[in-house]
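The following exercises concern a single structure and are each followed by a worked solution.

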Amino acid sequence: MVAAFVGNQTWFTVLLVTHVFGAIMGLGPTFAFAIIGPAIGKQESPQASLALMEIMEKIEKGIVLPILLIFQLGSGILLIFNRGLNVGFFTSHRAWLLAGIGVYLAAMVISMFIDVPAMGRLIHMAKGGQAGTPEFAKNVKITQSLGPVLTVMALAIMLLMIWKPGSGCGALLRC
Amino acid sequence: MVYFTILIVLHIGGAIIGIGPSFALGVLGPMADKADDATKLTLLRAMTAINSRLVTPVALVTQPVTGVLLIFERKFNHDFFSGRHVWLIVAILIYIVILIMAYLVSGPRVRRMTALLEAGEGQGAEFKGLEAASKVLGPIFGVLTVAIVILMIWKPGSGCGAFIC
């Protein structure tokens, strides 16, 4: 069964469609944060700011994290085995893949354990009328500084996964 | 090969950065639906900003330009209207349909909805009608986008499979 899966073209097509579509649907909405985030502080009413914060949290928890944690991870691992990339996994030919996975793991940890909880605290405090407190400002600073970091990480993953530098295969080619 | 790598990075990157955020609208829309008028206006403005600053530049410039250049770089322009290129022709046609729907049907409606909310007419019959229409258009955009992604990766009938020919 495993032998039939390795190198199988139909599986490869299904997995690649899932993986690329997952990147578009899971990674893509995070780029909207660069527009929604700065708009939060410019709203006339606290309700409007709160609505934008809730939207960011909903996009993150409802679309981004489920897709990146389930579809991307699952299809990514299966693609590694389908393409035989598990053979010589820790060689320099696979440095692009190792770096991509490393950046992905770091981004997931930052997002799940620092960024999303900080946004949750902001929403909770805004609802409780604590929007002007030092604690609120501290959490705003956390989300504001992590936003660009996560964007750069997303761009790095994208570049590594498409270009595959050092693989000897070039972009999307047969190896 | 260098040109191809640059073009494919820009084309797939464009799909992620420019088309991907449109899926965020699938969250913003239903949330706006349940919100009061003031919040609805904020969310509509956010949707317009995402559209005009991220989706539109990529959909109207990056994707068509890199797409056309990829067609020539991969020599798909030879026998363009042959059976092997049906996947590409269909995808381009769907793309054109999306652009027409987005800029001639959906765009003016969203602008009108924003104007109505700004005028305090968010509970009027006209707004409700526009809101109902946008609920129908949203999923259609989603399905058409999924169809393009599948065609572009799978390339059915090309004889290449998911690889670049």
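**Exercise 1: A pair of helices**

The axes of helix α1 (residues 2–19) and helix α3 (residues 37–73), both of chain B, come within 9 Å and cross at roughly 155 degrees. Determine how α1(B) is oriented relative to α3(B), and state which residues meet.

*Solution.* The model is predicted, with local features requiring pLDDT of at least 70 and side-chain atom pairs pLDDT 80 or more, while totals for chains, interfaces and linings use all residues. Residues are numbered from 1 along each chain as its sequence is written, and chains are lettered from A in the order in which they are written.

Step 1. Axes are lines fitted to C-alpha atoms, for helices over the stretch in contact, and angles run from 0 to 180 degrees between N-to-C directions. Angles over 145 degrees count as roughly antiparallel, and the crossing therefore makes α1(B) roughly antiparallel to α3(B).

Step 2. Among the residues that meet are B:Tyr3, B:Phe4 and B:Leu7 in α1(B), and B:Leu54, B:Val55 and B:Val58 in α3(B). Contact here requires C-beta atoms, placed from the backbone, to lie within 7 Å.

Step 3. By class, this contact of α1(B) with α3(B) has 13 nonpolar, seven polar and one charged residues. Ala, Val, Leu, Ile, Met, Phe, Trp, Tyr, Cys and Pro count as nonpolar, Asp, Glu, Lys and Arg as charged, and the others, Gly among them, as polar.

**Exercise 2: Chain B as a whole**

How many helices and strands are there in chain B?

*Solution.* Step 1. Helices are DSSP runs of H or I with at least four residues, and strands are runs of E with at least two. Chain B has five helices and zero strands.

Step 1. The C-alpha trace of chain B spans about 55 × 30 × 20 Å along its principal axes.

Step 2. Of the 165 residues in chain B, 28% are buried, that is, 20 or more other C-beta atoms lie within 10 Å of their own.

**Exercise 3: Where the chains meet**

Describe the side of chain A that touches chain B by element and by class.

*Solution.* Step 1. In total, 38 residues of chain A are in contact with 36 residues of chain B.

Step 1. Two or more residues each are given by α2 (9–27), α3 (33–40), α4 (46–82) and α6 (134–163) of chain A. The largest share, 11 residues, comes from α2(A).

Step 2. The residues on this side of chain A divide into 28 nonpolar, eight polar and two charged.

Methods. Contact = placed C-beta atoms within 7 Å. Parallel < 35°, antiparallel > 145°, perpendicular 65-115°, else oblique. Buried ≥ 20, exposed ≤ 12 C-beta atoms within 10 Å, placed from the backbone.
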